[in-house]
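Hello,

Here is the structure I promised to pass on. My notes follow below it.

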Amino acid sequence: MKLLFDENLSPRLVPRLADIFPDSAHVDRIGLGSEPDPVIWEYAKTHGYVLVSKDSDFHERSLLFGSPPKVVWIRRGNCSVRQIELILRNKRAEVERLAI
């Protein structure tokens with residue numbers, strides 16, 4: 001399973017989580033950093049990504065349009081890259097079930 005991190009999350013999450021979420025990407029690193037949400041949504045859908053974001057935009061979009069792609073909405077305020085990494089590591093099983 002591969003994750004696509006939204007621009008509100010650090011690109012450093014990709015290598016930090018590569019052991020459990022290989023082939024993940026960050027929107028900035030694939031040239032989608034300034035693209036509107038519908039473009040990112042379609043990219044994730046077409047390429048088999050699970051979207052990960054701290055904004056509610058993609059979650060709301062999933063309620064309107066369904067999946068794919070699936071969406072992981074991280075509902076935390078300001079926190080470190082390490083904290084986000086730990087959240088995703090601790091919720092790995094739930095994220096994997098979501099992607100089924």
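Two strands count as paired if DSSP finds at least two bridges between them. Strands (E, at least two residues) and helices (H or I, at least four) are DSSP runs, numbered from the N terminus.

Before you read on: this is a predicted model, where local features need pLDDT of at least 70, side-chain atom pairs count only at pLDDT 80 or more, and totals for chains, interfaces and linings use all residues. Residues are numbered from 1 along each chain as its sequence is written, and side-chain values use heavy atoms, with hydrogens and water left out.

The sheet. It is open, with four strands in the order S2-S1-S3-S4 and parallel pairing. Strand S2 (25–26) and strand S4 (71–73) are the edges, each pairing on one side only.

The helices. In helix H4 (residues 81–90), Val-81, Ile-84, Glu-85 and Leu-88 are buried. Buried means under 20% relative accessible area, exposed over 50%, partly exposed in between (1.4 Å probe, protein chains only). These four sit on the same side of H4, because they cover an arc of only 100° around the axis. The arc is that of the directions from the helix axis to the C-beta atoms. Their cover includes S1, helix H1 (13–16), S4 and helix H5 (92–98), with contact meaning heavy atoms within 4.5 Å.

Ile-100 is in the segment after H5. Ile-100 is exposed, at a relative accessible area of 80%.

Best wishes
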